[in-house]
Each structure stands twice: as structure tokens, then as C-alpha cells.
Amino acid sequence: MSFALDHKRLLRPLEIYQTGIQFMYELAQREWTEIVLVMVVEQIANLNVLMMYVNPQSPSMPHQLQVMHCVSSLYRALSVMTDGVIFCQLRSHLSVRGRQIGALSITPVNEKLVVAADDPSISLPDVHGELGVDSGQIIDEADRKFVIKYSFYGKPINSKEVSMGVVEAMATAAPFSKDAECKELEVISPDGGCGIFIESMPTNRQLFTYKYATKALKLLYQKIIVPQKRFGDMYLDLRYDGQPFGELRMLKFTSGAQNSTDRVAEER
């Protein structure tokens, strides 16, 4: 897997993460070994980021681009940008046994809206001091029976750690069928600063599946964290049809831990 970054076409980090998490969510709804021919992320309104996979091979070729390859390469692409602190246009070629099976492109939707090098939005938000303790709720627009009640604990977490923590959780969930029960999902961000812990609560007739776990992660980032620019300790009470059926905790983490995504991908 190779990456080519174009440092002249800068993109906003939060837009990269939002779009990447959306793409991860869409991939997680598919089967792990499903063949991908062309896949374009659902466009998020007002974001200048487009992500796409293309499979250049004919259907008769023995090695094909699959969901597992897309999840792994997207995870690594986001890690490359995060580690290098450079968020920009990226192209990646995916190969198996020396043969190219696919390509990932991360590009601006509108070239005229590429960010200038001195634009403050090319940096991730800094988080300083206590965030305050308050709560609220959001309703899933696609399924209004799915409601998330959230509370901030008040302790800040580095925005990079939160963003990559959500990416890590989404990538870890992706190998499992969206209809399988998600009894427990525990991950730590790659640099060890953010822990995310998801558990089912078998008190509801609605089974808490990976579909809901990944949807909770997506909504958490896109509808709560980014709009409020609040990166910190949180508790999410996940409810369906008025009854609790899962919970999610995001906590500041201080001890390092080995990244789990490659291990899960290898085991599946």
C-alpha cells in the first residue's frame, strides 16, 4: 500500500475525519469479504471532501478489492495524515501479491475551496480547561426510535485522540456483521489518549447490534462533538423506542495500549 499526498491541496482536518468516519460507517454496513467495484462516500453537506474507491480489475481476476481492504487502507490513510499533521489530497494504490486491486482517492469536492496554508481551520481545535458538565439528546433522523442521551463529564481530551478513537472503534467493529449482537466493544486511540467502551444492555426487545454501535459512533462525532467543538469525557445512553439497549463511554486515557485494528483484521 502506497500513499501520495499533495501538500498544495490542503483540506480541513475535521472535514477529513467527518467524511472518513462516514465512509467507515458505510463500509461497516457491508459484509467483510464483499467485493467493491466502485464506492463513493455519501456527501456531507457543506464539506469539501470526497472519498472514493475504484477497482480497476475485471470480475474474472482472482484477487478483488474487498471491504476488508477498504477499511484497512482508509484507516491507514487517516493515520498517515494524523501522524504527519498534514491533511490534504491523497491517493493510494492497494495491491495484493504485486497486483493492484484498487485505489483510494481523497480529494476536494471543489478545487476553488482548497484551504490556504495560513487558514486557521487547517489545524485541529485545541482543548483547554474544563468543558463543563451538561447533557442533551439527539434523535436519529433515519430511525426516530433510536435516541441518544448524552452527558459531558467535563474533562477535555485532545481532539486528535478523540477523532482517531472514533475511527479506531469504527474500524474494529467493521469485520462483524451489522446484524450481529454487539455485546461489548472496547478500543483505545492509537496514541493511547482516548478510550471508547460500548456495551449492550439486554433489557430491550430491540437487539443492540453492530449496526447501532456504528451508528452511535457516527452520530456522536457528526452531531454532537464537531458541532459543539467539545472533545472530552462523555457518557451516551443509547435508547430504542424509549428503552435503554446500549451505552457508550468516551474517557480520557493515560496508559498506552496496542492498536487493535490490524489484529482484528487479521483474525477475521
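Reader: How many residues has the largest nonpolar core, and which of them have the most contacts inside it?

Author: This is a predicted model, in which local features need pLDDT of at least 70, side-chain atom pairs count only at pLDDT 80 or more, and totals for chains, interfaces and linings use all residues. Residues are numbered from 1 along each chain as its sequence is written, and side-chain values use heavy atoms, with hydrogens and water left out. A nonpolar core is a set of buried Ala, Val, Leu, Ile, Met, Phe, Trp, Tyr and Cys residues joined through side-chain atoms within 4.5 Å; buried means under 20% relative accessible area, exposed over 50%, and partly exposed in between (1.4 Å probe, protein chains only). Here the largest such core has 73 residues, and I106, I196 and M250 have the most contacts inside it. Helix α4 gives the most to this core, namely 11 residues.

Reader: With which residues is I106 in contact, leaving aside its neighbours within four places in sequence?

Author: Contact means heavy atoms within 4.5 Å. Among the partners of I106 are L11, I16, V49, L50 and M51.

Reader: At what angle do the axes of α1 and α4 cross?

Author: Axes are lines fitted to C-alpha atoms, for helices over the stretch in contact, and angles run from 0 to 180 degrees between N-to-C directions. Helices (H or I, at least four residues) and strands (E, at least two) are DSSP runs, numbered from the N terminus. The axes of α1 (residues 13–28) and α4 (residues 210–228) come within 10 Å and cross at roughly 165°. The two helices are therefore roughly antiparallel, a term for angles over 145 degrees. In their contact, residues of α1 including L14, Y17 and I21 meet residues of α4 including K211, T214 and V226. The residues of this contact divide into seven nonpolar, four polar and three charged; Ala, Val, Leu, Ile, Met, Phe, Trp, Tyr, Cys and Pro count as nonpolar, Asp, Glu, Lys and Arg as charged, and the others, Gly among them, as polar.

Reader: What is the crossing angle of α3 and α4?

Author: The axes of α3 (residues 159–173) and α4 come within 10 Å, crossing at roughly 160°. This pair is therefore also roughly antiparallel. By class, its contact has nine nonpolar, two polar and one charged residues.

Reader: Where is V85 located, and is V85 buried or exposed?

Author: V85 lies in the loop between α2 (67–84) and β4 (88–96). Its relative accessibility is 67%, so V85 counts as exposed. Although V85 is not a glycine, its phi is positive, about 50°.

Note on methods. Angles under 35 degrees count as roughly parallel, over 145 as roughly antiparallel, 65 to 115 as roughly perpendicular and the rest as oblique.
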